[in-house]
Amino acid sequence: MNTDVEFHIRQNYPWNKLPANVKQSLGNSQREYEKHVLLYSIRNQLRFRNNLVRHVKKDERKYYEELLKYSRDHLMLYPYHLSDIMVKGLRVTPFSYYIGIMEDIMNCEKSYDSLPNFTAADCLRLMGIGRNQYIDLMNQCRSSKKFFRRKSARDLLPAKPVEITVEPWWVVQTGYITEDDIRICSVAEKKAIDKMIDTGPQLAGSMEYNVVLSLYNRGFIYLDVPISDDSCISVPPLEGFVMNRVQGDYFETLLYKIFVSIDEQTNVSELANVLEIDLGLVKNAVSMYCRLGFAFKKGQVISPDQLHPSWKSAPSVNRLKTTMDPQKMLLSWEGSSPVMEAGSSATDTDTTSLEDQDNASVSSLSIPAAPTKRIAFLFDSTLTAFLMMGNLSPNLKSHAVTMFEVGKLSDETLDSFLMELEKVESTAEGEAQRYFDHALTLRNTILFLRYNKELTCDQGPDIPNIGLPLDLLRCESLLGLDPATCSRVLNKNYKLLVSMAPLSNEIRPISSCTPQHIGPAIPEVSSIWFKLYLYHVTGQGPPSLLLSKGSRLRKLPEIFQVYDRLLITSWGHDPGVVPTSNVLAMLNDALTHSAVLIQGHGMHGHGETVHIPFPFDEEELKGEFSYSNMGVHKALKSLREHVDLEHQCGYVTMLNHKNRHRQRRSSDASDGRGELELGGGFDANGSTESFELVTEDNNSDGNRKPGVEASSCEDEWVPLELCFGMPLFSSELNRRICQKIAAHKLCSKDSLQELLHSSRKLSLKVLSFVQSFQDVAQLADPDSGVTGPLSQPAAEVGVPLPALNLLFKDGALKLWSGRAPPSLHISALQRDVPT
């Protein structure tokens with residue numbers, strides 16, 4: 001449906017007030033517009049009254065029946081905001097609605113995964129049917145077909161709801177109750193119904209707990225979850241969330257948008273303004289979170305005087321037990337012994353439970369009541385996958401699910417998250433070691449960034465320096481917001497953004513001038529283009545060939561035939577190292593759907609890689625080049641002239657093609673330049689959809705045998721890539737970068753201001769570099785070893801695709817037509833003047 005049409009329907013524009021261009025897009029047909037109004041209203045579960053649909057559909061009951069049928073057919077959440085119509089008018093309760101959905105998918109023999117995430121979670125809450133229960137029901141249903149008396153799906157489904165969690169501040173409303181219903185009620189239930197009929201809706205906490213549950217199970221009442229303009233909510237680690245699939249309907253999209261945007265300090269009205277979404281829709285979404293138990297309301301929600309005595313033993317909604325307000329339990333990033341700071345509270349209810357942890361490093365600080373801006377650590381879904389895999393610790397998965405589904409772990413929940421990370425063992429076998437390393441390094445990163453006084457030493461004399469709170473944000477969830485909304489959310493809540501390094505090539509990094517961003521300034525800086533830009537300005541790098549989508553190689557170019565291993569990066573995917581012997585067919589397969597970068601990696605097995613952290617200390621820029629003193633490499637000196645490495649953090653990966661030292665080496669404490677290196681290959685089925693990044697035991701930095709360092713030649717090493725941000729794959733590299741951030745005061749106001757200017761300059765240079773290859777005429781030669789590239793569609797979002805085949809060799813970037821040697825140099829591109 002046209003977005004302009006949707007906008008005018010949402011604003012209740014009748015046909016005669018529509019602009020001429022909107023009428024034209026509808027073929028000047030009023031009937032067509034009315035069809036769109038009805039479809040939009042049903043899809044968005046709009047109320048009949050006060051909306052445009054009342055002028056299109058005259059029969060209100062029939063409209064709601066159609067709405068209910070559409071919602072059920074598309075497996076949408078029950079329209080709780082229309083409960084007064086659904087329960088009182090149509091007598092369809094949430095339980096009966098989901099029974100109908102479950103019956104439909106069982107009769108069609110669909111898998112449990114066909115249920116969207118939130119719908120599946122509500123089914124689990126009301127009917128107690130999760131994945132295992134559904135499989136068991138389907139097995140019973142199928143086995144009954146073999147016998148004469150077949151059981152239908154409805155016969156196997158529960159007859160009444162399971163016992164649900166009801167909060168005392170929820171509001172009880174009467175449903176559709178007949179005289180026959182009253183006859184089967186107990187005396188207490190009759191009194192409760194009479195009171196609601198006489199005096200109106202009642203707070204659940206003011207009624208007897210068992211009566212509320214009994215009336216709800218019979219469908220005589222329904223529950224409203226009231227949310228006011230000034231309500232604030234908190235999202236604990238998710239329990240009972242079902243990870244099935246995303247459907248993309250209006251309400252599910254809204255739920256995910258609000259998930260990543262909400263925080264405990266922002267009330268519902270402010271959130272609606274930031275997101276520029278209708279306040280009623282935001283209230284409906286927040287109400288749904290509370291109903292499902294994924295969030296809880298902050299503050300005193302009901303007076304103890306109003307609470308019925310029967311509620312004292314009632315089970316409460318799942319909440320994070322370590323949340324404390326206003327006192328927080330903070331873990332010291334230095335890993336030192338517990339230190340009690342001035343102003344700490346000895347009466348915190350959860351202090352003792354944390355102090356009992358033998359390995360916990362705890363300090364308790366008095367947190368000012370006034371809301372303060374935070375640091376945001378940006379990660380991608382790769383990290384959540386690592387935390388979900390490997391059975392790292394018993395309760396870590398709920399935090400990982402929250403990081404993926406909510407897209408955020410707020411500072412208030414980090415205490416329990418850190419406690420779970422502390423339980424992760426430091427050693428594992430095989431690929432599992434990679435998951436363990438990421439978990440442990442993530443913990444160290446959180447401890448460093450969170451409430452670290454060293455990072456905020458220039459706050460001023462009037463503000464107590466306790467550091468800044470930290471939130472973890474998933475890039476993909478932020479990208480679900482439109483750019484303007486994302487910018488408003490980040491500016492409202494955060495002072496500084498810090499990215500994980502490297503971010504997956506499969507996502508578009510967050511671009512942000514304010515708040516300042518320690519990470520890729522623009523998506524192009526995290527792309528293949530930036531590699532070529534580095535080689536171009538330094539005049540150094542591995543032999544590299546960027547082939548546009550649709551190109552086809554008849555043979556492997558000669559410059560790569562001397563290599564035993566090649567580094568292959570398919571556009572939009574992570575790189576991988578593959579053997580040269582069987583690479584041609586794989587490359588041509590990948591080129592049919594993607595541009596591909598081919599780079600020489602190792603002449604004798606895998607090349608050797610070393611990660612050099614920056615910003616550089618003065619001592620690292622002195623002396624002669626050696627394996628343990630790579631900071632003085634001429635390529636890095638040239639790189640520092642073109643790229644600001646003083647006010648950013650990250651690492652430069654150096655590559656040596658001639659790695660003849662394949663033995664496993666232990667970590668060098670004095671050197672410590674990286675533990676985990678590039679390696680890999682194709683997956684078992686030979687797929688080229690993604691060249692996976694894999695680790696190899698015999699390809700890591702560490703101690704060298706005597707004599708090896710002396711033979712290390714500066715010319716053997718070339719820069720492979722530069723990544724901005726904080727790496728999680730190597731604990732030693734991460735530790736050194738943390739030290740450099742503190743020592744160079746990268747989070748100070750002056751440094752961040754310099755970062756803002758240098759990031760803008762770098763962005764302009766890289767964009768100009770990329771653009772220069774979009775305007776040059778394409779070369780095509782039928783006699784060459786490569787066919788001409790297909791026409792490239794303009795990239796609607798993301799990084800522009802290459803329109804030309806480009807070769808970097810012997811210190812120069814050139815157009816490549818398939819001949820050897822290349823026939824044309826890029827004369828238009830001059831190396832940048834040092835800034």
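This is a predicted model: local features need pLDDT of at least 70, side-chain atom pairs count only at pLDDT 80 or more; totals for chains, interfaces and linings use all residues.
Residues are numbered from 1 along each chain as its sequence is written, and side-chain values use heavy atoms, with hydrogens and water left out.

Glutamine 599 belongs to strand S17 (residues 596–602), where helices (H or I, at least four residues) and strands (E, at least two) are DSSP runs numbered from the N terminus. Its relative accessible area is 0%, and it is therefore buried, a term that stands for under 20% relative accessible area, as against exposed for over 50% and partly exposed in between (1.4 Å probe, protein chains only). The side chain of glutamine 599 also makes a polar contact with that of lysine 531, at 3.0 Å; such a contact is a pair of N or O atoms within 3.5 Å, of which, within protein, one must be able to donate a hydrogen and the other to accept it, and residues adjacent in sequence count only if both atoms are side-chain atoms.

An open sheet is formed by three strands in the order S18-S19-S20, with antiparallel pairing; two strands pair if DSSP finds at least two bridges between them. Its edge strands are S18 (608–614) and S20 (717–724), each of which pairs on one side only. S18 is joined to strand S19 (residues 650–656) by seven bridges, and histidine 611 stands opposite threonine 653 in S19. Helix H26 (residues 634–642) packs on the sheet and touches S18, S19 and S20, its direction making about 145° with that of S19, where axes are lines fitted to C-alpha atoms, for helices over the stretch in contact, and angles run from 0 to 180 degrees between N-to-C directions. Helix H28 (residues 731–743) lies across S18 and S19, running at about 20° to S18.

In helix H23 (residues 483–493), the residues Thr485, Cys486, Val489, Leu490 and Asn493 are buried. Seen down the axis of H23, these buried residues fall within an arc of 130°, so they line one face of the helix; the arc is that of the directions from the helix axis to the C-beta atoms. What covers them includes helix H14 (250–261), helix H15 (268–275) and strand S11 (494–501).

Technical notes. Contact means heavy atoms within 4.5 Å.
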